Structures are given as structure tokens and as C-alpha cells.
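Here's a quick tour of how the pieces of this assembly pack against one another. Have the viewer open while you read.

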Amino acid sequence: MKFLRDALDSVKPHFEKGGKWEKFYYIYEAHDTLLFAPKDTTKTKGVQIRDAIDMKRLMMTVIISLIPCLLFAIYNTGYQHFLAIGQPEAGLIDMLWIGLIKVIPIVAISYISGLTVEFIFATIRKHEVNEGFLVSGMLIPLVMPPDIPLWQVALGTIFAVIIAKEAFGGTGMNILNVALTARAFLYFAYPGQISGDVWTYIGSANEAVAGFTGATPLSIGAEAVTNGKNVVASLNAYGEGWADGLFSFSNLFWGFYPGSIGATSVFMCLIGAVVLFITGVGSWKIVVSVFAGAYGMGLLCNVIGANAFMELPAHYHLVMGGLAFGAVYMATDPVSAAQTELGKWIYGILIGVLTVLIRVFNPAYPEGIMLAILFMNVFAPLIDYYVVNANKKRRLQRATV
Amino acid sequence: MSKFIRLKKGFNINLAGKAEKKIAEVEQPGTFAYKPTSFQGILRPKLMVAEGDNVKAGTPILFDKKNEEVKHVAPVSGEVVEIRRGEKRKLLEVVILADKKIEYEKFDSHSVSDLTGLSKEQVIETMLKSGVWPNLIQRPYGIIADHNVTPKAIFISAFDSNPLAPDYQLLFKGQDQYFQAGIDLLKKLTPGAIHLNVDANAEVSQVFAHTKNVELNKFSGPHPAGNVGVQIHHLDPINKGEVVWTINPYGVIQIGKLFLEGIYDASKVIAVTGSEVKQPQYYKTYLGASVKRFLEGNVNGGKLRYISGNVLTGEKISTEGHLGFFDHMVTVIPEGDHYELFGWIKPSPNKFSFQRAFGLLSYLNPNKEYVIDTNTKGQPRAFVQTGVFERVLPMDILPTHLIKAILAEDFDDMEALGIYEVIEEDLALCEFVDVSKHDVQEIVRTGLDLMQYS
């Protein structure tokens, strides 16, 4: 690979101080370090050796953990398409093809728009291009509906990267999770394209089968608040004739139902979670506590039972909507989550609790996990503040005893 | 009141090149150096010798203008051949070309029974003028102890848990008598206890096993269990306004020898270690020895880094460099100034990491000895990962928050988060494991300087 190194070394002077493209040094640098791990060595004083981990590897580990969700997303987008147009017998190739032509452009647009912003900011601010967006750029497409206009993906991504991240100083400084900010922005700015009947790609040339309403498990739950029907019965009844058992508990777990592109399968999220736990990149404490918080709150709702949605068995909350995806990939974002170990438990439990609260009490926003995580992102520093204060108090008390 | 403390947090870095447990013979190096840079807080060193002067072992060669009573003395007899200065004429080294036979300055010698009769003031005065005083380090700040202050306790770590660290059993073999005398003298300097902390997982060395007048505590666990700062935290933590002293067993022995024999004896055993040393083993020499004689012809080819001390807290020196005041080892590892194609993602069983992110497999093979070069393996970034520093610091301290408080120069927070309890070495592992490649030790020193001087 010497020729590649030589090629890079030969153009390098142009980007260094005094070179003709001096301004674009950090763009060059990003590509150089992507190809070659740099040759920097440790300083005279301080540690003489360093751990082999770096930010790129850390972020890539998260992306690797997202691969099951991405692959499933491609298949399921196609599968739901053929289900909805009444051709469930369509071949696997056809399904994957539909999935690919819907999902890949969204992924591509997300990366192109986000990285463009990153490069511009790195150039203006004169700092290295941060790796954080590698993960955000994959998360954003996976929480979009399959039929989202591409320009909205670009707009949401650009908004999130600038407002949620760069305005605060870049990766590591942001308060809100970048991917969720993108989704929340689109949700409130263009509700028509990200809520209601958007979760299955039909295509203008096709007709949906009779009985297809575009409902999601959460919208059925939300309707139950007003019509008072038993949610489990409604879930089981949906899809009769064209997709039996679409919203059965097991199907919700496996994820073969319409929803955000890559967030429907609890199973795939759990595979990703295992990857994150084994590699130690994602905090298992947060994931476990989000599930525990949601389940506990679900049980509490059962006890109160003020409306039909509250009577939904608590375990259903864990498989509906994006709770699993949010818990595994969004809540564990180390920058926007609580940073102390005790804080992580509190943070996770409150996300779970809030998610269910939003679901059952606020039918206007059927998906609670997005807002719950963003809300707790804001409160994470406060949780940490009290945990840190406890540490300080222990030290003070020790002095006075 | 002896305690047994089991530590769970921490991390052992298993490096190749451990020293074989034998003391090899080699001709003594020509030059020895005294490095004021080994100490924190010597701001205005004043030289008492010039190039060409002849000195004996124990002849004062410099002092700190802010702390005139504490004399720093020559470790060996011979001629001062070079006074090395760095930027802004900062004094780096006083280099002495050693005599073939070391001559010693004469100090008063005492019999063991006489020692009890010495007053605290006599002891301090002799220690100050004879050059053994700088062995005493004060916490907070990790600076040379102030003789006008009475510490609440003195702590001695009797083992080193750093990577490739020398075995103290070999280092201090046969010095029991001097060690005990040193302890008895130190006992006069504090109303509190002298804590002697040994490794619970190894046989207690003869030197330490029968020591009287101390509280013998046992520590078990991975590095940094051997760091005296960690031990203090678990035995008798430093609160605001309190002062404790720490000393290496080497210093205790020097003190004992000074009073019993009347000489400043700077002889020491050092370990020559590291993956690039052909024959890693121990050698007997003197404080501040040039490493050249031990490594010439004894290292592998390629670009190498010579380190005075261990790989976590040591300092890079040249091939003819000298050991620092507190160092009992020299480590030689490969330099890492090379590119690696897709090095940031390529999986490899040879990459060593505390973590287990994709492709880092060293956790599967904890007993393997690794060769680690000096490459930074990544570039500096903002803080992203959380919860990792906490796993390598066995103290009730929140390292990330402490570091951020230092960076923000928030004095109240630094104090409240425990800056008085740490010095650089205690957070060295945090610096090693940091995915964002911060210079944690440098940051800690910045914080200590802020607390001390402003």
C-alpha cells in the first residue's frame, strides 16, 4: 500500500500551512486518517503507550451493531410493500429490490448532507472532522418512515447537525441526541410526512388491499383511548384477511410490521444490544433500565386502568413502536446520556417511564420514546449534578467526622 | 490496626520484557546525573557547583531558592562535567563523571541504640543537609515535603504494580537493618502512624515482614493497587487542610544508612526491562545512572524509545540519558512513528486494549505478553465515552468530572471532587485507556499547580 501512502504524502504539502489549499487541510486530514492510522507518538512525559482504541473504532463498533437493523429494514420495507398491495407471495428478490431503492437513497442523503455540514464546520472552525456523525448518519434513516421525501431527510439532518451539535461545539459537546433531533424537527415541521398513514411504502402505481388502513400498533392504542376497545383485541384483529396476525405479540417482537424503517424489530435491536454490551460500547445499564422503567410503568398503568390503552398488558409496551431501538441505540449515546454510573440507571428508568406515560396519556404523540429520550437528554446533566454532589458530600462528611 | 484491602478496579498491562530475577554484573556507567526535574515544584534551583568542580557522594550541589534548607546532593563522587540546561535556561541535569571508587562526605554516625536518643530537630537537620530529605514527598501536590509541617501520617508502598515494575524483594534485599532504622527515625516526624503497604498476592519480602513501629497493610488487586495515593485513599484519606508524607522504601533505607553509617549512599538496584531489551535483568548501580552501559549492545534494532521509569508515568530519555531520582527501572519499547493502513478498524490479536470494541481482541487473551509501541493509536478528541475512567481508578473519585473541573479552572469543584488526593500517577491508567487521547496526567498537574500557586 506504499503507493497510496506516497500519493497522500505527495499532495499533503498543498494542504499544509503555506500550501495552496491550506484552508482545506482538515478535509485532507480526514481522508488521510481514514486510510491510514496516523504515525503520531506519545509525548516525552506522560504515558508512553496508549490503548489501541480510538474514536473511529468506537463509532464503527456502533455502526456494526446497527447492521442487523439495517438489513432487516431493507427486507421489511419491501415485505410491507407487497403485503399492503396484496401480493404477499412476491419473491425475496423483489422485496429486497423495493427495500433497497427506498432505503439506500435515504441513507445516502443522510450521510451526504450531514458530512457536508461536518466538513464545512471543520474547515471554518479549523478542527478535525469528528467521527460522531458516522453513527448519527445511520441512525437518522432508520427512524424515518419509508416514504419520507428525500429533501426532508436532508433538511432534518442538516438542521440537527447544525443546531443540535455544531452550535454546541461539535461531537462530545451536544446536549441532545443528534438523530432524534432530526426526527423531532421533521415531526413538528412536516407532520404530514412523518405521522399517520406513512409507515408503509405503497407507491403511486399500486392500490392498497381492502382492510389496509395504514395503522400502526401505537395508533391503534391511541385510538383505544377514545373508543374504549380492548387494545390487544384490536391489535389481533388488524390485518385479518390480508395479513393475519400482523400485530400479534410475536410478530411485534420479530418486527415484520410497518413502522420506522429500521426500528420495528425488537429481535434485531437485541442482537445489536448484545454487540454493544460485549464490546462495552453501549451502556447495558441504560438499556436494561429503559426496559425496566417502561415495564414498571406499564404495570402501574394496568393497576390504574383509567382508559383502554392503560389496560394494555405491560409487556406489549416493550415491543411496540421504537422503544427497543430507542433504548439500545439512542438512549445509550454517551454524550447526551447521564455520565455517572448511578445517573445512568435513573436516566434509563425515567426514559422508560416517560415513554409509556406519553403513549397512554397523550394520544397526539403516539410514539413516546423519541420525546422521552430528548426530554431526558435535557435532564441528564441535572441527574449527574446530584450524583456528583453526593460524591462531594461524602468527601466533606469524611473530613468532619 | 493493620488492614487488608481488596481492590477490584484497575488494570494490569501485561508487557513483554519482564526482567529476569537476577542481578547482573556490569562495569559501572561513566556518568551519573542529578535531575531537579524529577521533582515537582522546584521553581528556582540554585546551583552550588560549577562545571569542573570535584564532589563527593553527599556534597550539596543545588537547592531550591524557595526552600533553602533542603540540599540536593551528588549521588556519586567525581567531577561535574556538564550542567545541562533546556529552554529558558531551565536546569535539567547536573552530570557527574564518577570516580572509580566512590568517596563519601562524612556525616555523624550512630549505633542503633543511639537513634532513640535523637530529637526530632536533630533528625530533620541531618536529613536536610545530607540530601536524603527529597525522598519525602508531601500530599497534596506531590512536592518535596515541607519540614516545618507535621504530617498526620507517613505512607510507604512496598510494592510497585506498574507495567514491568521491578520486584522490591530484589531491590532492597538485605537492607532490613537500615530500613528499620529509617522507620524508627521517621516515626519521630509524625504523631500518626507509618503505614507500610505490601502486596497481598505475593510473599512479603524479608525486608518488610518483620518491620516494627509500622502498620503493615495488605493490598490486593490490579494496578494501581501499588500506588501510594490509592493506598492513602483507602487507609486514611487526605481531607482539605491535611498533609501526609509518602516515601519509597529506597528513601527509608537511605535515611537509615545515613544515620547508622554516616554516609549518603545512593547505590541502588535497577531493572532493565522492555520488549526491545535482549536480556532484561537487574543491575546494581547508583542513583541517576546513565543507561548507556546497560543497554549498549543489549537492545534490538529499529527505532526505540528509552524510558526512565515505567511506561505509564516515565519520561523519554536519550540513549545516553540518565535515570530520574525516583526511578528504579529503564524501559525500552519500539517507537511507533509509522502509518498503518486502516489501522483504526483492522482487527488484530496483537493490539492491546482495556476495551473490547470491534477488532480489539486482547481481552480474550489476558495472559499474553504484549509488545506495545509508542504510537498514540488515534487522535485527540472531545470527551465522548463515559464510565471507563471510573473502572481503572479504585478510588471514590469521579475522574471525568475532576478532569473537567480542572479544564474549567473551577477551584471549588476541583477541591470538592478530591484533587488533594491524587497526583499524576494515580490517573495514569485513565490516560492510557482514554479513547479521546487526553493528556490526563498533564491536566492533573495543571490542576495541582492551580490549587497550589493561585
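## Two helices back to back in chain A

Helix 16 and helix 17 of chain A cross in a right-handed way. Keep in mind that we're looking at a predicted model here. The axes of helix 16 (residues 341-361) and helix 17 of chain A come within 8 Å, and the crossing angle is roughly 150°. Anything over 145 degrees counts as roughly antiparallel, and therefore helix 16 and helix 17 of chain A get that label.

Who does the touching? On the helix 16 side of chain A the contact residues include Leu342(A), Ile346(A), Leu350(A) and Leu354(A), while helix 17 of chain A brings in, among them, Ile369(A), Phe375(A), Ile383(A) and Asp384(A). By class, this contact between helix 16 and helix 17 of chain A has 18 nonpolar, three polar and two charged residues.

Now look at helix 12 and helix 15 (residues 323-330) of chain A, which pack at about 15° with their axes 9 Å apart. Angles under 35 degrees count as roughly parallel, so helix 12 and helix 15 of chain A are therefore roughly parallel to each other. Their crossing is left-handed.

Helix 12 of chain A puts Val266(A), Cys269(A), Gly272(A), Ala273(A) and Leu276(A) into the contact, and helix 15 of chain A answers with Ala324(A), Phe325(A), Val328(A) and Tyr329(A).

## Domains

Chain A is assigned domain 1 (2-35), domain 2 (55-194) and domain 3 (217-388). The C-alpha centres of domain 2 and domain 3 of chain A sit 20 Å apart, and 34 residues of domain 2 of chain A are in contact with 30 residues of domain 3 of chain A. Which element gives the most to the domain 2 side of that contact in chain A? That's helix 3 of chain A, with 16 residues. By class, the domain 2 side facing domain 3 in chain A has 24 nonpolar, nine polar and one charged residues.

For chain B, the assignment lists domain 1 (4-26 + 105-261), domain 2 (337-367) and domain 3 (376-454). Taken over C-alpha atoms, the centres of domain 1 and domain 2 of chain B are separated by 38 Å.

## A sheet in chain B

Chain B has an open sheet of six strands in the order 2-17-16-20-18-19, with mixed pairing. Strand 2 (20-24) and strand 19 (315-317) of chain B stand at the edges with a single partner strand each, so one side of each has no neighbour in the sheet. From one strand to the next, the twist averages 35°.

Further in, strand 16 (residues 267-273) and strand 20 (residues 329-334) of chain B run parallel and are joined by three bridges. Thr273(B) has Thr331(B) in strand 20 of chain B as its bridge partner.

## Where chain A meets chain B

Between the chains, 53 residues of chain A are in contact with 64 residues of chain B. Elements giving two or more residues to the chain A side include helix 2 (25-35), helix 3 (55-84) and helix 17 (368-400) of chain A. By class, that side of chain A has 20 nonpolar, 17 polar and 16 charged residues.

Ala37(A) stands opposite Glu340(B) in strand 21 of chain B.

Technical notes
Residues numbered from 1 in each chain as written. Chains lettered and ligands numbered in written order. Predicted model: local features only at pLDDT ≥ 70, side-chain atom pairs only at ≥ 80, totals over all residues. Contact = placed C-beta atoms within 7 Å. Helix = DSSP H or I, 4+ residues; strand = E, 2+ residues; numbered from the N terminus. Nonpolar A, V, L, I, M, F, W, Y, C, P; charged D, E, K, R; others polar. Pairing = 2+ DSSP bridges. Axes fitted to C-alpha atoms, helices over the stretch in contact; angles between N-to-C directions. Parallel < 35°, antiparallel > 145°, perpendicular 65-115°, else oblique. Left-handed = near helix turned anticlockwise from the far one by under 90°. Domains from an automatic or database assignment.
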